[in-house]
Each structure stands twice: as C-alpha cells, then as structure tokens.
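Subject: Handing over the model

Hi,

Here is the structure I promised to pass on.

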Amino acid sequence: MPANSTPKEQTVIIKGGGREFRVKVRDGVALLPKGLVQAPKVHPKRFKRGVRLPATTPPKVNLAGLKDVPDYGPRAVAQRLVKALGNNTVAALLGVNKDRPGRWVSGQDVPNEINRAQLTDLDALVGYLHGAFTPAQARLWLEGQDPHLGARPIDVYRLEGAAPVIEAIRAFEQGAFA
C-alpha cells in the first residue's frame, strides 16, 4: 500500500455459535475480538461436506478471587507513567496541568474518573510499546508514519486513544507491513 493512502476498513457481521459478532476488516484482514478464535484450518481433502467443525468456547474463568492490588491503583499507574515518560509528557498526553501527574504520584490529589480511564489507557499503550520496541525505537515509531494507521501513532493516540495504536503495534509485531 502506498505510504500516502489510508487503509480500507469496513465492518462485517460474522455469525457463529448462535451469536453475531461485529468485526472490523482492514485491507482484507479480519480483526477478531477477544473470545472469538479463528477456526482451525482443515485440509481440503479431509473436509467432508455437511460436517460441522466443533465450536470452540473460551474456558470459564472464576474472577471471585480478584483483589484490589496496590500496583494497579491510579497512584501506582501514574507513578509508572511518570517514571517511563516524564511528568510533563504524561500531563500533555492526558491534557491536564503539568503539576497534576506529580500530585497523583505523591498522593496529594486523586485522579477523577476520566483521568483514571486515561491513565489506564496510556499505561496499556506504554506496556505494549515496551514489549515491542526499545525506548528509542518507540519514540521513532510513535512520531513516524505508520501504514496500518495511515498517520503518526502519537496523533492517532491523541485523537482516538490507545486501542487503534495498540492494534498497529500488534500488526507491526506480526510483520504485517514488513
């Protein structure tokens, strides 16, 4: 795909297991939601017409043991982000005053509901960046053009949040644009 063109994206409905799923298809590649798995490939000579493949269901998970853990609280998330990005960058990305992240880290202030969601979103993005790139590579990738997004990832993050940028990181890791 040329660098200046945008990816073609559409939403399709996939029916299976008595349910319907809305799935984004970008440039011919389906982006499956969590819990929906691709059916195993069957060799054409072994496939019999009229035979149904078994539906795969995700295993049941008991979340009764989920506890409040300090490492996941807003203060710890803010501290992790300030350590990774710096106070001013966190403030700029979240659209808050420059002193706000430092106040969250020190416990002088508590982020509101919107800021907690923004902190969590940014924390997820930084986690994916650390998993896929070195810090220097992450900076270059965030500020460069990404063919999956059709824009600079940092600009997409500011407009749409972390989800499409994380999707682009996953595509990059899978070699979709190598």
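Let me start with a term: a salt bridge here is a side-chain nitrogen of Lys or Arg within 4 Å of a carboxyl oxygen of Asp or Glu.

Before the rest, some housekeeping. This is a predicted model, where local features need pLDDT of at least 70 and side-chain atom pairs count only at pLDDT 80 or more, while totals for chains, interfaces and linings use all residues. Residues are numbered from 1 along each chain as its sequence is written, and side-chain values use heavy atoms, with hydrogens and water left out.

**The overall picture**

The chain has 7 helices and 3 strands, where helices (H or I, at least four residues) and strands (E, at least two) are DSSP runs, numbered from the N terminus. Along the sequence the order is β-β-β-α-α-α-α-α-α-α. Of its 178 residues, 25% count as buried; buried means under 20% relative accessible area, exposed over 50%, and partly exposed in between (1.4 Å probe, protein chains only).

**Salt bridges**

The structure holds 3 salt bridges. In the one I opened with, D155 is partly exposed at 28% relative accessibility, and R152 is partly exposed at 29%. Another joins R80 and D123, at 2.9 Å from N to O. R80 sits in helix α1 and D123 in helix α4, so this pair ties together parts that are 43 residues apart in sequence. R80 is partly exposed at 35%, whereas D123 is buried at 18%. R100 and D109 also meet in a salt bridge, at 2.3 Å, with R100 partly exposed at 25% and D109 partly exposed at 22%.

**Aromatic rings**

How many aromatic pairs does a search of the whole structure find? There are 2, where rings of Phe, Tyr and Trp (its six-membered ring) pair if their centres lie within 6.5 Å, and planes under 30 degrees apart count as stacked, over 60 as edge-to-face and the rest as tilted. The ring centres of F133 and F172 are 5.1 Å apart with their planes at 45°, so that pair is tilted. It links distant parts of the chain: F133 is in the loop between α4 (113-132) and α5 (135-143), F172 is in helix α7 (residues 162-173), and the two are 39 residues apart. F133 is buried at 9% relative accessibility, while F172 is partly exposed at 42%. Together with W141, F133 and F172 form one aromatic cluster.

**Around α7 and α4**

Helix α7 also has buried residues, namely A162, P164, V165, I166, A168, I169 and A171. These pack against α4, α5 and α6 (153-160), with contact meaning heavy atoms within 4.5 Å. Just after α7, G175 takes a positive phi of about 75°.

Over in helix α4 you will find N115, which is buried with a relative accessible area of 11%. Leaving out residues up to four places away in sequence, N115 touches V96 and W104.

**One more spot to look at**

V61 lies in the loop between β3 (29-31) and α1 (74-85), and is exposed at 64% relative accessibility.

Happy browsing!
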